[in-house]
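Here are my notes on the model. They are arranged as numbered points, to be read beside the coordinates.

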Amino acid sequence: MARDAAAVAEAAGVFDALPGGARPFGGRAAELAALTVAAGRPSAGRGRLLVLAGRPGSGRTALAVRWARSVAGDYPDGLLYARMSAPDGTRVGSGRAARMLLDQLGEQPGLALLPGAAEEDPACEALRDALGSRRALLLLDDVRDTGQVWPLLAEKTGSVLLATTSGPLTGIDGIDPVILGGLEHRVSVDLLSELVGGTRISCDPVGAAELAEACANRPAALRLAAGWLRGEPRLPVTEAAERLRRPPEQSRERSREEAAEQADTVPVVEGDPLRGAFEPAYRRLPAARARLLRLCTLAPGQQVDLRTASALVGCPAPEAGAGLAALAELELLEREPPAADGTERYRVPGRLYGRLLELRTEVDRPSELELARARLLERLVRLVDSARLLLDPAAGPNPDPLPGPLRLRSAAHAGQWLLGEREQLLAAVADAVGQGDLDGTAGRLVAALLRALPLTGEAAPADLHALHESVLKVAERQGSPRRAAAALLNLGDLQADADRWEQAAERYRRAVELSRGAGDEAGCARALEAVGHCHRALGDPLRAADAYGRALALRQAVGDQVTEARLLVRLAEAHIALRRFEEALREYRSAAAVLRRLGEAEGERQVAALAARLRQHLGQEGLRPLSE
């Protein structure tokens, strides 16, 4: 390709959310042309879908990114990106992916896109609607099954979905996948030459050919081998090829079944050239750097920078930054696009995750891993609190500032960091709550995020929903009914704001039960009042009046007169809907009396006006309360 793909995309001036591409990039001219031809075919039925299939390490993501940037000018509404599986193989739901893609499109997800009990996540429909009038290219990376893709396919759109996968996607008609094998042998040798540099490859063509063959001409294995050679400048290429052909050490190997049970992932296949190229590169690492690489697998989403890496390892930030850069030089980490503040970011390659997890289990003690996770969570709590204090000057100065290299410098910097790291922060919460051994620190991180994210002005309701769900899970695990009830109230409020009254009522009713069991009369009254709102919105004033009445009795018992007056007005409104006019006027009079005792003259006037309006309406309708 005459021009670098990244330069083409930049010149087109389109939004680009794709990961950093592989450099140098070798070969694949036929596959690039096949994708271009496939993109030009008219779609049959729902949406245009291109599929790029290849084994891990075949360079499928790099090829997809390369092609997408080369055709950026055809998609002026952006190059979007979503990973459809975690490194451990867990599939990402289409709804979560849709929310990420909507965010990249600049669409505010809104309350209607909260996760719900519907058969299809509403975010998927919103994404299809957004794509209907746009020309965007969506790269869905590492798709596991058709169910992740089908809900995202829009009809009658100029947009295209490109899915990378390890195998064919069945269930969607008209898909002719582009299949990736190894590189051409000549291209493999040329790639080695560019990666290693100097004359080592050109001066030993036989050794270079043997090394490419030992790597099965697969790009990921070739890059690892090249990184190994760069780190050992005196190692002959022929000897490197010979070492890669040796069978891996078997002394500490576990069976596939044991590895899958302990690592919760698919282990690397024995004899895989990718593993063969990884082992010598890993073995030559200094102990501290090898530990850093293993602990990077604990980072949320396996994405790391000097802030998170220094916490995991327990070292100064500059040292962690240098270690990450060195590992990336050896092709053991992938470089990600830098953060908004310029901080370098890296990712553990999914193709290496399984072996690193095995090594972490073999080498690192569980207590060390727990300590590393605790340090990371504590670091994230301090960062989020620091961001909140910068975004809310009225909160006062930061009593515990972070060291200089880690510090957030301004409100703008804090907002950029919070929004840029939002996915990783939410992933950190999910990881911590899922493991359940650091609930205290995880709870502090949730509380910090709930205070800080709304200050950015871009707090997605779905994110707040996920955080309150985490609070609920921890509270239930710890046997704390009051905290669980509070989480349910917050979840119910989010559902009510989205006009999902039935789901909200279910949350509120559970909160009533928990509050009653805990002897929390105020919490029970709050939940009962919310239940009344739901019944009222659902057109059931009888049940609304019952809920309001029970909440009123609890508020009167504790002497909460402000809330008592509000509930009396709500109860009057429910009576009016039931045409119980006598009862409605009685509740209005009671509310006015309460407000008079409180000295709330304005509130008393407003209630009196409501009662007067009701009397006027009754007079016009020829109806009179029994008392008149």
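Angles under 35 degrees count as roughly parallel, over 145 as roughly antiparallel, 65 to 115 as roughly perpendicular, and the rest as oblique. This is a predicted model: local features need pLDDT of at least 70, side-chain atom pairs count only at pLDDT 80 or more, and totals for chains, interfaces and linings use all residues. Residues are numbered from 1 along each chain as its sequence is written, and side-chain values use heavy atoms, with hydrogens and water left out.

1. Helix 26 and helix 27. Helix 26 covers residues 561-577 and helix 27 covers residues 581-598. (Helices are DSSP runs of H or I, at least four residues; strands are runs of E, at least two; both are numbered from the N terminus.) Their axes come within 8 Å and cross at roughly 165 degrees. Axes here are lines fitted to C-alpha atoms, for helices over the stretch in contact, and angles run from 0 to 180 degrees between N-to-C directions. The two helices are therefore roughly antiparallel. The crossing is left-handed, a term for a near helix turned anticlockwise from the far one by less than a right angle; clockwise would be right-handed.

2. Their interface. Helix 26 contributes residues including Leu568, Leu571 and Ile576, while helix 27 contributes, among them, Phe581, Tyr588 and Leu595. Contact means heavy atoms within 4.5 Å. By class, this contact has 14 nonpolar, 3 polar and 5 charged residues. (Ala, Val, Leu, Ile, Met, Phe, Trp, Tyr, Cys and Pro count as nonpolar; Asp, Glu, Lys and Arg as charged; the others, Gly among them, as polar.)

3. The loop between them. Arginine 579 sits in the loop between helix 26 and helix 27. Its phi is positive, about 65 degrees, although it is not a glycine. Arginine 579 is exposed, at 56% relative accessible area. (Buried is under 20%, exposed over 50%, partly exposed in between, with a 1.4 Å probe and protein chains only.)

4. Helix 23 and helix 24. Residues 501-517 and 521-537 form this pair, packed at about 160 degrees with axes 8 Å apart. They are therefore roughly antiparallel. Their crossing is left-handed. Among the contacting residues are Trp501, Tyr508 and Val512 of helix 23, and Leu528, Val531 and His535 of helix 24. The contact divides into 13 nonpolar, 4 polar and 3 charged residues.

5. Aspartate 499. This residue lies in the loop between helix 22 (481-497) and helix 23. Aspartate 499 is exposed, with a relative accessible area of 56%.

6. Helix 14. The buried residues pack against helix 13, strand 6, helix 15, helix 17 and helix 18. At the start of helix 14, a side-chain oxygen of aspartate 305 reaches to within 3.0 Å of the backbone nitrogen of arginine 307. Glycine 314 follows the helix, with a positive phi near 80 degrees.

7. Two buried residues. Glycine 26 is in the loop between helix 1 (5-12) and helix 2 (29-40). It counts as buried at 18% relative accessibility. Beyond neighbours within four places in sequence, glycine 26 is in contact with Leu183 and Val187. Histidine 465 belongs to helix 21 (461-478) and counts as buried at 5% relative accessibility.

Note on methods:
Polar contact = N/O pair within 3.5 Å; in protein donor to acceptor, adjacent residues only side chain to side chain.
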